[in-house]
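Subject: Structure for you to look at, with notes on side-chain contacts

Dear colleague,

Here is the structure I promised to pass on. Please open it beside this message, as the notes refer to residues by name and chain.

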Amino acid sequence: MGDTGADADMVGLTGRVTGTVGPGLVGEVIVRIRGGAEHFLAHPVSGTGRIAVGTVVTVVEYLPPRTVYVMAAYDN
Amino acid sequence: MAIGVVAGIVLAAIVALIGLFKLMWRVAEPNEALVISGSTHKTEGLGQGMGFRIVTGRGTLVLPGVQAVRKLSLDLNETQLSVDCVTHQGIPLRVKGVVIFKVGDDLVSIANAARRFLDQQKMMPERVHIVFAGHLRSIVGGLTVEDMIRDREKLTGQTRMACGTEMEKLGLIVDSLQIHEIEDPTGYIKNLAMPHAAAVQRDARIAQAEANRLATEAEQAAFARMAEATRDSEILQAGYQAERDKAAATARQAGPLSEAAARQEVVVQETRVAELEAHRREQQLQADVRKPADAAAYETRTRAEAERDARISAAQAKARETELAAAAEATRVTTAATADAQAVEARGIASAKATRATGEAEAAATQARGLAEAESAKAKGLAEAEAIKARAAALAENQEAVVAQQLAENWPAIVEAGAGAFGNVEHMVLLNGAEGMSEMFAKALTMGGTGLGVARQLLASMGQTPPSGTPSPAAPPVNGRIPIREE
């Protein structure tokens, strides 16, 4: 099944923000993984900006079990 | 027999093998995870695990008696929430909702959940309820009622912030948190909505009233139009009725009217007849009475006129007779006188004729003489005129030549006149030769008469430029011979 591999592969996946991500907030992103779509608690990688709902983000860091750090996939 | 036994044994062995395999081979269904413990090797899925491995979605070989296989359900679970809480404003509320959660699909979550809930999977909602109830109280305590009603995003965000990490520890994920109902024992929410409700009610009543007013206006306008239409219709009907009545009356009166018209016609004709009769009677009277009377009067008048005319004619005849007698007498006297007069006249006339004939003859003779004289004078005058004209033409052509000619013609008389000056001279001495002679001769000519001025001029001009081709009488004085001959 390669579960360890799948967990490592979280980094680099793209997802969509379903709850606003920002400093001081616990956001939520939904990512396609393991043949389905799962949501993860999300925090911004850097800075002060908020990432609005609907923005496409890239997973930069994955902290098991359910936390990811994301950044906006496309500037502007 | 032996074959049957062998076959039976083989079959039993096969069956036994299949049964053994079935005991050893376990398959994880899609909604469950197998947690296998009991062997230290093949710690698949958890690198540095706690001695168990997790299998999802496939089969695996398990040694019965050596390894223990437990199933952890990955199905959805739900927990009904009913939490008494107090808001930020101190208003007590009862929040009712539902939390839908499941075990996370990743191996870490499965491991966490397996350690916590493997034997207590039935109690999982209860635990989750406890966790959510506590967190919900604190979340609601930080919110106001208005926030909860109007800003669900804030509520879910805060819930996620508070519970997400907590659930992460338990290996659970919250798929949905829904607030079904917020019970409000103090009526705060109702009172909160009341101004809006009142405003809406007011607007609704206003709209209703406005609609009623418009409807009433429309109805009344419609009634007015109906009345108007009814009035117009009745007016039209009355008009038509009047026309019908009029037509009926006309029809009723048609009989008497035509009768009266016929009677009128009869009267007219009768009147006409009476008029004609009267006319006829008048004509009759004219013929019977007036014409005879007129004839009688005419007769009388004619007779009287005839008598008068006869008398006048008689008188006129008498006067005429007298007149004619007088005229005859006068005529006789006149005739006698006339005869005398004619005799005298005839004599006179004869005498006059003789005299006239004599005079005419003399006049003719005189006229003939006069005519002859006039003719001769005319001829002479014409000749002179011709000569003058010819001289004038010549003069116009060559004035000096003509003058010279004239002078030459009259030269003897001139010289004679000039010589007259020397008539008393006995001796003359010429000191200057021919020129002296000429000079003195010219002086003498000048003294001869005023008409000789022209000759003197001519001589003067001859002395300077003698004209060629002209017989010059001054030529002899050049050699000085002619004046001497004159002496």
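What follows covers the aromatic pairs, the salt bridges and the nonpolar cores.

This is a predicted model, in which local features need pLDDT of at least 70 and side-chain atom pairs count only at pLDDT 80 or more, while totals for chains, interfaces and linings use all residues. Residues are numbered from 1 along each chain as its sequence is written, chains are lettered from A and ligands numbered from 1 in the order in which they are written, and side-chain values use heavy atoms, with hydrogens and water left out.

Aromatic pairs

Over all chains there are 2 aromatic pairs, a pair being counted when ring centres of Phe, Tyr or Trp (its six-membered ring) lie within 6.5 Å, with planes under 30 degrees apart called stacked, over 60 edge-to-face and the rest tilted. Phe40(A) and Tyr62(A) make an edge-to-face pair, at 6.1 Å centre to centre and with 85° between the planes. This pair links distant parts of the chain, since Phe40(A) belongs to strand E3 (residues 36-44) of chain A and Tyr62(A) to strand E4 (residues 56-63) of chain A, 22 residues apart; strands (E, at least two residues) and helices (H or I, at least four) are DSSP runs numbered from the N terminus. Phe40(A) is buried at a relative accessible area of 0%, and Tyr62(A) is buried at 9%, where buried means under 20% relative accessible area, exposed over 50% and partly exposed in between (1.4 Å probe, protein chains only).

In chain B, Phe21(B) and Trp25(B) form a stacked pair, 5.9 Å centre to centre with 10° between the planes. Phe21(B) is partly exposed at 47%, and Trp25(B) is partly exposed at 35%.

Phe40(A) also has a charge over its face, as Arg66(A) lies 4.3 Å from the ring centre; the criterion is NZ of Lys or CZ of Arg within 6 Å of the ring centre and within 35 degrees of the ring normal.

Salt bridges

The whole structure contains 21 salt bridges over all chains, each defined as a side-chain nitrogen of Lys or Arg within 4 Å of a carboxyl oxygen of Asp or Glu. Arg66(A) takes part in a network of salt bridges with Arg34(A), Glu38(A) and Asp106(B).

Within chain B, the closest N and O atoms of Lys71(B) and Glu32(B) are 3.8 Å apart in their salt bridge. Because Lys71(B) lies in strand E5 (residues 68-73) of chain B and Glu32(B) in strand E2 (residues 32-37) of chain B, the pair ties together parts that are 39 residues apart in sequence. Glu32(B) is buried, at 10% relative accessibility.

The salt bridge between Arg320(B) and Glu323(B) has its closest N and O atoms 3.6 Å apart, and both residues lie in helix H6 (residues 188-397) of chain B, 3 residues apart, about one turn of the helix.

Nonpolar cores

A nonpolar core is taken as a set of buried Ala, Val, Leu, Ile, Met, Phe, Trp, Tyr and Cys residues joined through side-chain atoms within 4.5 Å. The largest has 41 residues, of which Val103(B), Ile110(B), Phe132(B), Met167(B) and Leu172(B) touch the most other members. Helix H3 (residues 124-141) of chain B supplies the largest share of this core, 7 residues. A second, separate core of 14 residues includes Val17(A), Val31(A), Phe40(A) and Val57(A).

Best regards
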